[in-house]
Amino acid sequence: MPLTIRRPDTAFSKSPITGKKRPREHDKAHLDFIRGLPCLITGKRPVEAAHIRYADARYGKLEVGGAEKPHDKYAVPLSPEKHAEQHQGNEKEFWAKAGIDPVQIAQSLWSNTGDDEVCEIIIRESQHAEGRT
């Protein structure tokens with residue numbers, strides 16, 4: 001008997017049952033919190049909440065359409081200059097050059113939103129891990 005793997009209804013950005021897009025998770029308080037942290041790359045302030053657009057199956061992060069923003073849980077703090085740079089070319093190459101796994105860090109920040117001390121440690125340690133500071 002062949003093995004059948006059932007896909008959950010949430011496996012794609014459009015529901016296979018209704019054909020409708022799943023709503024974006026928006027969290028203004030989290031984005032405001034992200035904007036109060038130091039830049040993930042430079043450590044400087046002020047920052048913008050930069051959404052990670054590319055998909056990463058390791059974390060269950062789905063692809064978004066061209067005119068769509070990802071869920072707010074996939075946002076990290078970037079200086080305005082780095083945020084513009086993130087969107088100027090290939091985003092995966094931007095993050096690889098920075099030596100950062102932004103999806104992992106975004107999930108850590110999301111899990112600890114509201115805790116300035118822990119989130120600043122997450123950012124600082126991600127910089128030390130790659131030898132940037």
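Is Trp95 buried or exposed? Trp95 counts as buried, at 1% relative accessibility. Buried is under 20% relative accessible area, exposed is over 50%, and partly exposed is in between, with a 1.4 Å probe and protein chains only.

Some ground rules. This is a predicted model: local features need pLDDT of at least 70, side-chain atom pairs count only at pLDDT 80 or more, and totals for chains, interfaces and linings use all residues. Residues are numbered from 1 along each chain as its sequence is written, and side-chain values use heavy atoms, with hydrogens and water left out.

Now the layout. The protein chain has 5 helices and 2 strands. Both are DSSP runs numbered from the N terminus: helices are H or I with at least four residues, strands are E with at least two. The order from the N terminus is α-β-β-α-α-α-α. Of the 133 residues in the protein chain, buried ones make up 33%. Next, contacts, meaning heavy atoms within 4.5 Å. Take those in the protein chain between residues at least 6 apart in sequence: 66% join residues at least 24 apart.

On to the strands. Strand 1 and strand 2 pair in the antiparallel sense, over 4 bridges. Pairing requires that DSSP finds at least two bridges between two strands. Ala50 stands opposite Val76 in strand 2. In a regular strand, side chains alternate between the two faces of the sheet. In strand 2 both faces are covered. Ala75 and Pro77 are buried on one side, Val76 and Leu78 on the other.

That brings us to the core. A nonpolar core is a set of buried Ala, Val, Leu, Ile, Met, Phe, Trp, Tyr and Cys residues joined through side-chain atoms within 4.5 Å. The largest one here has 27 residues. Those with the most contacts inside it are Leu40, Ile41, Val76, Leu78, Trp95 and Leu109. Which elements give two or more residues to this core? They are helix 1, strand 1, strand 2, helix 3 (91-98), helix 4 (102-111) and helix 5. Helix 4 supplies the largest share, 4 residues.

Back to Trp95. Leave aside its neighbours within four places in sequence. Trp95 is then in contact with Leu40, Ile41, Tyr54, Val76, Leu78, Gln86, Ile100 and Pro102. A search of the whole structure finds 1 aromatic pair. The rings of Phe94 and Trp95 have centres 5.0 Å apart and planes at 80°, so the pair is edge-to-face. The cut-offs: rings of Phe, Tyr and Trp (its six-membered ring) pair if their centres lie within 6.5 Å; planes under 30 degrees apart are stacked, over 60 edge-to-face, the rest tilted. Phe94 is buried too, at 9% relative accessibility.

Now the charges. How many salt bridges does a search of the whole structure find? It finds 6. A salt bridge is a side-chain nitrogen of Lys or Arg within 4 Å of a carboxyl oxygen of Asp or Glu. Lys28, Asp32 and Arg35 are linked in a network of them. Within it, Arg35 and Asp32 have their closest N and O atoms 3.0 Å apart. Arg35 is partly exposed at 39%, and Asp32 is partly exposed at 38%.

Asp56 and Arg58 form another salt bridge, at 2.7 Å from N to O. Asp56 is buried at 7%, whereas Arg58 is exposed at 60%.

Then Glu120 with Arg45, closest N and O atoms 2.8 Å apart. Glu120 lies in helix 5 (residues 116-129) and Arg45 in the loop between helix 1 and strand 1, so the pair ties together parts that are 75 residues apart in sequence. Glu120 is partly exposed at 27%, and Arg45 at 49%.

Stay with Arg45. The peptide bond from Arg45 to Pro46 is cis, with omega near 0°. Pro46 sits in the loop between helix 1 (28-34) and strand 1 (48-51).

One more loop. Lys73 is found between strand 1 and strand 2 (75-78). Lys73 and Leu31 are 42 residues apart in sequence, yet 8.5 Å apart in space, C-alpha to C-alpha. Beyond its neighbours within four places in sequence, Lys73 is in contact with Glu25, His30, Ala106, Gln107 and Trp110.

Last, the cysteines. Cys39 is buried at 0% relative accessibility. Cys119 is buried at 0% as well. The whole structure has 0 disulfides, a disulfide being a pair of cysteine sulfur atoms within 2.5 Å.
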